[in-house]
2 protein chains.
Amino acid sequence: MSHTLGIRQAQKQKTRQALLDAALGLLEEQSLSSLGLREVTRAVGVAPTAFYRHFRSTADLGVALVEEALGSLHPMIRTTVSTTGDSEERITRTIELIARHVDGYPAHVRFIARERHGGVQPVREAIREQLARFAQEVKDELAKDPVSAGWTEDDLLMLAHLYVDQMLITASLFLEALEGPEREREERTRHVAQVATRQMRLIGLGRHHWLD
Amino acid sequence: MSHTLGIRQAQKQKTRQALLDAALGLLEEQSLSSLGLREVTRAVGVAPTAFYRHFRSTADLGVALVEEALGSLHPMIRTTVSTTGDSEERITRTIELIARHVDGYPAHVRFIARERHGGVQPVREAIREQLARFAQEVKDELAKDPVSAGWTEDDLLMLAHLYVDQMLITASLFLEALEGPEREREERTRHVAQVATRQMRLIGLGRHHWLD
DNA sequence: CCATGCAGTTAACAACTGTTCTCTGTAATT
DNA sequence: AATTACAGAGAACAGTTGTTAACTGCATGG
């Protein structure tokens, strides 16, 4: 099925990926709206004009980064929310998954947290769409749970959004813990996990008593 | 008590405020990390070098904006959370207060949402501190409520953080509704209010069953 | 009333930006 | 084998940026 693409296309994609990687690196200490295309090409070691072969603008590159950061995350979400087990166990697993993801892709997480409300409209829009998809998917999984019997579609969606936002906040807090001095890292990470766990637990309690 | 400051100091503060206002306006369609000091002075109609009489850098100006946006909000938070009445009534009032605030100071709200995770470290730090203060204050008010009998200090604080984050998310959603086309504005605002109310209600339910 | 302090101005700087046009080498197609 | 397509290079453009220095005018304090 997968066509092995020629030397030419392969090299192009390589450069494109290098541009994305360099941009993601530069965005650790600034926002997308201040990222210059010359800055990016300089970091890759390529002529400024080469940028235009891949992206119309840095905003365009930003949209591509959103896809890279969130696009591949949907299956992970689905399986995590849907896995069986008591709710306490599910919470622990979710928090741990978030921690692991932040550990593995800190720059991606930072980028999403930063640009979700950032200064570049198309990027905000792209993130909004992806998060709306996440909420839909979480809703679909919640609907399968017997606890959701008697729930409105609207109520399921509002709960899903609550979960998604909560996960994002937690991810961002894990990131802050990672960025701090190494001595405190372990303790701060543990603390974030503990607080997030209890918040999820409290939301879960509210969920179980929703129809009272 | 209040010393009427001379002509000179008054004019200085006027220019300073003009710089802050101009910056806030320019930040509606970009992030602080891309805001140039020339851009700001040009908008005010003042020489670029005049900027240095008031701020060391745009980052410094950003910190001042945080103070302006959040500093005066603490009393409002306290009174809102602490007012008596049944919890349903309290939720409605809180949501309405948020809606009103976003309506009155949209640029401030946008600035905080944008720069909370933005590219300028000192500004992030300043926002973090203010929000931590909010959480503390909410905690203090929660502690007075009889529902909080038997709660750990830690648990009260984790709930307070949940509330604060939830309020920020709601504010940001109200803002998005405001920014959209006018035809949909009223409906979207109503929708945001409705969802936020139910989320608060669910969290409130979780709160009441926390000690089960 | 005069000397000082200081908000704001003017001019200049080196460095940087996005974008255009022209060119080159080579992979892909015929 | 000859032709085409196209990723990337190179040079030049007009504008922009932050920061410096030396200045001017005027409110303020002695």
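Reply: Chain A carries 27 positive and 30 negative side chains, and the centres of these two sets lie 7 Å apart. Lys and Arg count as positive and Asp and Glu as negative, while His and the chain ends are not counted. Each charge is placed at NZ of Lys, CZ of Arg, CG of Asp or CD of Glu.

Me: What kind of model is this, and how are its residues and chains labelled?
Reply: This is a predicted model, in which local features need pLDDT of at least 70 and side-chain atom pairs count only at pLDDT 80 or more, whereas totals for chains, interfaces and linings use all residues. Residues are numbered from 1 along each chain as its sequence is written, chains are lettered from A and ligands numbered from 1 in the order in which they are written, and side-chain values use heavy atoms, with hydrogens and water left out.

Me: How many helices and strands does chain A have?
Reply: Chain A has 9 helices and 0 strands. Helices are DSSP runs of H or I with at least four residues, strands are runs of E with at least two, and numbering starts from the N terminus. The C-alpha trace of chain A spans about 65 × 45 × 35 Å along its principal axes.

Me: Why is Gln199(A) called buried?
Reply: Buried means under 20% relative accessible area, exposed means over 50%, and partly exposed lies in between (1.4 Å probe, protein chains only). Gln199(A) has a relative accessibility of 6% and therefore counts as buried. Gln199(A) belongs to helix α9 (residues 182-208) of chain A. Beyond its neighbours within four places in sequence, Gln199(A) is in contact (heavy atoms within 4.5 Å) with Gln166(A), Met158(B), His161(B) and Leu162(B).

Me: Why is Leu37(A) described as partly exposed?
Reply: Leu37(A) has a relative accessible area of 23%, and is therefore partly exposed. Leu37(A) lies in helix α2 (residues 37-44) of chain A. Setting aside neighbours within four places in sequence, the contacts of Leu37(A) are Pro48(A), Phe51(A), Tyr52(A) and Thr58(A). Leu37(A) and Phe55(A), 18 residues apart in sequence, are 9.6 Å apart in space, C-alpha to C-alpha.

Me: Which annotations does UniProt give for chain A?
Reply: An unreviewed UniProt entry places the feature "DNA-binding region" at residues 36-55 of chain A. That span, residues 36-55, is 40% helix and 0% strand, and its end C-alpha atoms lie 13 Å apart. The UniProt annotation "domain: HTH tetR-type", also from an unreviewed entry, covers residues 13-73 of chain A. Residues 13-73 are 57% helix and 0% strand, with end C-alpha atoms 21 Å apart. UniProt positions are given in the numbering used here, feature names are shortened, and annotations may be inferred rather than shown by experiment.

Me: What makes the surface through which the copies meet the same?
Reply: Of the interface residues of chain B, 100% are also interface residues in chain A, so the copies meet through the same surface.
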